[in-house]
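Hi,

Here is the structure I promised to send over. Have a look at it first, and then read my notes below.

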Amino acid sequence: MRLFNSGKTQFNPSGRVLEIACGINPILQATVCTDFEPRTITALKAKGDQRAMIASGLNLPFADKSFDYVACL
């Protein structure tokens with residue numbers, strides 16, 4: 001995994017991007033967004049966001065090296 005420090009740097013990743021604890025406004029670059037709150041995922045899916053899934057940042061259901069970047073803002 002490559003480390004990204006947002007600071008004032010532009011975030012333009014290529015590849016798969018996982019956002020942990022996305023809330024109701026996930027970043028546009030995210031390939032998959034996770035949140036532990038079912039209501040959040042339901043609201044995202046109701047808006048047509050198919051990237052959203054329920055998962056805790058403490059126990060992610062992905063194999064190692066599944067993503068090129070991981071964001072948690």
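Which residues of E1 are buried on one side, and which on the other? Val17 and Glu19 are buried on one side of E1, and Leu18 and Ile20 on the other, so both faces of this strand are covered. Before going on, some housekeeping: this is a predicted model, where local features need pLDDT of at least 70 and side-chain atom pairs count only at pLDDT 80 or more, while totals for chains, interfaces and linings use all residues. Residues are numbered from 1 along each chain as its sequence is written, and side-chain values use heavy atoms, with hydrogens and water left out.

Buried is under 20% relative accessible area, exposed is over 50%, and partly exposed is in between (1.4 Å probe, protein chains only). Helices (H or I, at least four residues) and strands (E, at least two) are DSSP runs, numbered from the N terminus.

Now the strands. E1 (residues 17-20) pairs with E2 in the parallel sense over 3 bridges; pairing takes at least two DSSP bridges between the strands. Leu18 has Val32 of E2 as its bridge partner, and Ile20 has Thr34 of E2. E1 also pairs in the parallel sense with E4 (residues 69-71), again over 3 bridges, with Ala71 of E4 as the partner of Glu19.

E2 is covered on both faces as well: Val32 and Thr34 are buried on one side, Cys33 and Asp35 on the other. E2 and E3 run parallel, joined by 3 bridges, and Thr34 is partnered with Met53 in E3.

Then there is the helix. E2, H1 and E3 make a right-handed β-α-β unit (right-handed: with the strands pointing away from the viewer, the path from the first strand over the helix to the second runs clockwise). The buried residues of H1 are Thr40, Ile41 and Leu44. Seen down the helix axis, they fall within an arc of 95 degrees (taken from the directions from the axis to the C-beta atoms), so they line one face of H1. The face turned away carries the exposed residues Arg39, Thr42 and Ala46. Strands E2 (32-35) and E3 (52-54) are among what covers the buried residues of H1.

Leaving aside residues up to four places away in sequence, Ile41 touches Asp35, Ala52, Met53 and Ile54 (contact: heavy atoms within 4.5 Å).

Cheers
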